[in-house]
Amino acid sequence: MKKPLHEQLQISLHEINEMLLHIIQSDHELQRSSVLYASVEQLIMAGGKRLRPIMALVGGRFGTSERAHLAWKAAGLLEYMHMASLIHDDIIDDSPLRRGEQSLHAATDIGTAVHAGNYMIARALEWSSEDELIDENFYMGAELAALITELCVGEYDQLQHRFDFSMTLDEYLEKTKRKTALLMGACMSAGARAAGADEAVANKLYEFGEALGIAFQIHDDLLDFTCSSEQLGKPSGADLRNGNITLPIIYALEDEELRRQLLLLHRDATEAQFNEAIEAVKKSAVLDRSRQLAEQYTLKAKSILENFEGHPSIKDLQVLVSYFLKAV
Amino acid sequence: MDKKLLLDTLDLVNELIHKQTNIELHADDRSLQELAEMIGSYCMTRSRKMTVLSCCMLISVGIRKHNHLLPDDKESLARSILDGDYLIGLIYRVAISRKEQKLLQKINPIYKRMQLQSLEGRGNEGFMTELKREIKDYLDQQSA
């Protein structure tokens, strides 16, 4: 059996988690007895694949060894931004579970969860510029924090197109770039920039991460149909029930019979109508077709590798490509 | 009072806001008018004054969006959360693109502390006063 991704890349998940904890532990304005501290700590301890910080650290390997440790700052900030966005997304999607545990707003309340997400980004930005190269790191961190606007536009897009079965493939890809792929591209390039890589290298790494990010989102779309609630740690079929138009749905709408069933759905449709539509999509060929598009984007990322011929860390990018190919 | 500074900045911010968000800011906030008056009194380019005031506007409205959530109205709740997130994110974008990152180093800690205060159940009444004090400090340093 193949080793997990972090082991293949010789990255310690324990060290990443320690760094994430350190971000709150080193905030002298945050009381350890507070609900916020306990909530963020629990969120970190709940684990996860830590794909984003791993990608930032791999990006950092394209810089200089003297500055490699600065990629950790980018990795910490980006993972906090990701965790904060999940907290707010769970409220927006009215999702009671996250990785099998109660989501933060369900465990506390909506106001607490909103402020906790805000705190996490502000604190991570503050932390990323502590100790050394204060101005330079703050500038880099603020540039990353500015990406929130793009993530939000992706979310507005999703919100405005709930149960909008006229969404095209191009519109879906544009939304996916903003909502998911942009942050993954930024992980690769920010790690590289922090570690002092050339701008051209950082830009190519962005393209690489963005392509993998689209493949990742399509894979996530598929999980909604292929996994049980227990496996997902959240309700299965939640995307469709929330009216989020994902890639399998766009493909399903091309089939006359599936289209007829899907067009019956709206926010007040019955549980039986949703279940019937989900089962019909599962039995159709659209899941395989979606897998093929995810594979195409992973192969697009692979084609970018030729720009890094001869670089000792190209093998790490190959590991990422293999991981995403296997995942889809 | 330089009312034109406030109105021009408002136009600038509304132009910067992505159309898909449907957010439109208004100049009906007394504390923003006071900030505009203070910023307007400094000797610096009009463009810089507008950048500083833009960031104050965005943080003020962004915070208000997150402080007025309606949990029972899902649509409005989602919009308020996104609006607040977007407006706060836009502060970083505006300050970085206009080379005022040092201003962010002043604003970010106040914003963080305000989140902590909200989580402790304390009100944010002092926020605009603290923001005004930090902005004054920043402008004093910049124009020294």
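**Exercise 1.** Over what distance should the 13 residues of helix α2 of chain A span at 1.5 Å a residue, and how far apart are its end C-alpha atoms? Then describe how this helix is capped and packed.

*Solution.* The model is a predicted one, and every distance is computed from its atoms.

Step 1. The expected span of a helix is 1.5 Å times one less than its number of residues, so helix α2 of chain A, residues 13–25, should span 18 Å, and the 18 Å between its end C-alpha atoms agrees with that expectation.

Step 2. At the N-terminal end of α2(A), the cap is A:Ser12, a side-chain oxygen of which lies 3.3 Å from the backbone nitrogen of A:His14.

Step 3. The buried residues of α2(A) are A:Leu13, A:Ile16, A:Asn17, A:Met19, A:Leu20, A:Leu21, A:Ile23 and A:Ile24, and they pack against α1, α3, α4, α5 and α7 of chain A.

**Exercise 2.** Is A:Ala71 buried or exposed, and with which residues is A:Ala71 in contact once its neighbours within four places in sequence are left aside?

*Solution.* Step 1. A:Ala71 has its place in helix α5 of chain A, and with a relative accessibility of 1% this residue counts as buried, the cut-off for that class being under 20%.

Step 1. Beyond its neighbours within four places in sequence, A:Ala71 touches A:Ala56, A:Leu57, A:Gly60, A:Gly191 and A:Ala194.

Step 2. A separate pair to examine is A:Ala71 and A:Glu199, whose C-alpha atoms are 15 Å apart in space although 128 residues separate the two in sequence.

**Exercise 3.** Characterise helix α9 of chain A by its span and its burial: how many of its 13 residues are buried?

*Solution.* Step 1. From first C-alpha to last, α9(A) reaches 18 Å, close to the 18 Å expected for its 13 residues at 1.5 Å a residue.

Step 1. Eleven of the 13 residues of α9(A) are buried, and the helix is accordingly described as mostly covered; the buried set includes A:Cys152, A:Glu155, A:Tyr156 and A:Asp157.

**Exercise 4.** Describe the contact between chain A and chain B: how many residues does the contact take from each chain, and what area is buried between them?

*Solution.* Step 1. Chain A gives 41 residues to the contact and chain B gives 37 residues.

Step 1. The area buried between the two chains is about 3,600 Å², with 65% of it coming from carbon and sulfur atoms. Of the area that chain A buries against chain B, A:His115, A:Phe138 and A:Tyr156 supply 19%, more than any other three residues.

Step 2. Between chain A and chain B there are 16 residue pairs in polar contact, with both residues at pLDDT 80 or more. On the side of chain A that touches chain B, the elements giving two or more residues are α5, α7, α8 and α9 of chain A, and the largest share, eleven residues, comes from α7(A). By residue class, that side of chain A divides into 22 nonpolar, seven polar and twelve charged residues.

Step 3. The count of salt bridges between chain A and chain B is six; in one salt bridge, the side chains of A:Arg267 and B:Glu75 meet at 3.9 Å, N to O, which falls within the 4 Å cut-off.

Methods. Residues numbered from 1 in each chain as written. Chains lettered and ligands numbered in written order. Predicted model: local features only at pLDDT ≥ 70, side-chain atom pairs only at ≥ 80, totals over all residues. Heavy atoms only, no water. Contact = heavy atoms within 4.5 Å. Buried area = accessible area lost by both parts, 1.4 Å probe. Polar contact = N/O pair within 3.5 Å; in protein donor to acceptor, adjacent residues only side chain to side chain. Helix = DSSP H or I, 4+ residues; strand = E, 2+ residues; numbered from the N terminus. Nonpolar A, V, L, I, M, F, W, Y, C, P; charged D, E, K, R; others polar. Buried < 20%, exposed > 50% of the residue type's maximum accessible area, 1.4 Å probe, protein only.
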